[in-house]
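Look at the sequence and structure first.

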Amino acid sequence: MTQQEKNLTEIRPRFVVETPPYLHRGYTISGMMRDTFIALLPAAAMAVYYFGIPALRVMCLAAGVCALTEALWQKALGQTVRVYDCTALITGLLFAFLLPAGAPWWLVVVGSVLTIVLGKQVFGGLGCNPLCPALVGWASMTVAWPTYMDPMAMNLTSAFIDPLVRMKFFGWEAMPLSAQSLLLGRQLGGLGSAQIGAVLLGGLYMVARKTVRWEIPTAFLVGVLFFGAIFWQLGEAMGVNPASAPPPHLYLLTGSTLFAAFFLATDHASSPVAFGGMVLYGLLCGLMVVLIRIFGYYPDGAPFAVLVTALVTPMFDLIRSAPYGKGRR
Amino acid sequence: MASMWKEFSKGLWAEIPPFRLVLGLCPTLAVTKSAENGFGMGMAVIFVLVLSNVLISAVRKIIPKKVRIVCFIAMAATMVVAVELLMQAFTYPLYQQLGIFVPLIVVNCIILGRAEAFAAKNPIHLAAADGLGIGIGYTLALTFLGGLRELFGAGSLFGHYVMPEGFVPFALMVEAPGAFICLGGLLALMNCLTIVMSRRGGRELPVNAPCGADCCDANK
């Protein structure tokens, strides 16, 4: 790495600022990625603990292929190779967290390439993606190879069960797992995203480090709890089968809801920037999760919810507070 | 003869409809699930395009300017009904596959675009050559796109399985998103190829053709 490239990776995100003097908080892209990596570690460790080497294999493969794809793309198009800022590595890790531990290698490779190419680079690279890249890869794989993305079919030797499938087809009361074992990640799902407790720990760390703004995850979780409670209590009056409307805490403890709230919905390029927009974005994500879980075809609504809601982000970005001194008289 | 060849050959590469003119995208995206569908659709378009071009060129001097669009569409619609009945009679399975997109050839931009931009201003033999060239270009493009999607999405070509054992079909390609991804990729590839070729030949970079290219340039 030459000195010039080193300077580029350490470059601070620069915003066009107005005249007042501002203090720089010292955030760098690679610094934020380091924080995200630390936040992902507990869930990754839990995944390896439960699923063993296959989980480690999926994570390493996805992260490696993502970084390689980004480097090759930037090289081929004559752009500055900025793969050292680790954004591709983290994107690959996020993508791996949504895959089942037993995913075949070719699925991981194709998915990682699509994640970087379709999700990020065709739109112009870092900061230009309209959707969270990991979700683009995940959605392509879910549409292309649904059986190979099914955690039940891919982890046949595992003693765990997929609570979402139970809740979808047998009603939530038939789901035998206790809240404690759900929290400890004793369930099938995305290899990292199902480690509920560890993901929550990492998410709180990111919020505490201000790598992500607290508004989006909070609004997301409040939205899930609020709309989940509405359907739980009033669903029967609205004609919803009460067996398919679980109590709100079960939305958080199963599937990838928490992972989506802390890691996917907070993708910096595809989420709104102002307070009002962030709150509405989070609430809409929460509503979509509940709607897809109750009425949808897919058992886990969270990734699709974030994907769909990110399309509305340009609208939410229209909501912004008036500049100081320019308000109403 | 030379001018006929010129009008014919431009449709094959320089103005190949879905990739250069970017016209007729609705069937391009919707029916190219397999190479056979793409080919059938292309054949129907060739039939309609050649006949409507010839017809419009033949009556171009007696149609009043103000009502020309209506006349063009009426003539194209007649041809489309003819091709629809013919397909029902002779290639019924293909007709069922293409469904609504056969009647929709009437509103295909290529038909009206060639009528307005070329057939209404040129003699019959040139109009026929233009229609045939554009039609064949369209067929080639659709068959290629359909073949590509079928190959990766189902592992077969024209209905015959060709991929090696153990290949798991990439179903995304035969779904709607696959059509957009494929078309976008091919457009990028075409542009890349053009740039490389013109750079190698020492020519200027070509400007993207507006609707129907330079033959309908207002300054000519």
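Predicted model: local features only at pLDDT ≥ 70, side-chain atom pairs only at ≥ 80, totals over all residues.

Residues are numbered from 1 along each chain as its sequence is written.

**Between the chains**

Seven residues of chain B are in contact (heavy atoms within 4.5 Å) with 10 residues of chain A. The two chains bury about 600 Å² between them, with 83% of it on carbon and sulfur atoms. Buried area is the accessible area (1.4 Å probe) that two parts lose on being put together, summed over both. On the chain B side, V168(B), F170(B) and L172(B) lose the most area to chain A, together 70% of what that side buries.

There are two residue pairs in polar contact between the chains, both at pLDDT 80 or more. A polar contact is a pair of N or O atoms within 3.5 Å; within protein, one must be able to donate a hydrogen and the other to accept it, and residues adjacent in sequence count only if both atoms are side-chain atoms.

Helices here are DSSP runs (H or I, at least four residues), numbered from the N terminus.

| Helix | Residues |
|---|---|
| α2(A) | 29–51 |
| α10(A) | 196–208 |

Their axes come within 8 Å and cross at roughly 170 degrees. So α2(A) is roughly antiparallel (angle over 145 degrees) to α10(A). Axes are lines fitted to C-alpha atoms over the stretch in contact, and angles run from 0 to 180 degrees between N-to-C directions.

Technical notes
Chains lettered and ligands numbered in written order. Heavy atoms only, no water. Helix = DSSP H or I, 4+ residues; strand = E, 2+ residues; numbered from the N terminus. Parallel < 35°, antiparallel > 145°, perpendicular 65-115°, else oblique.
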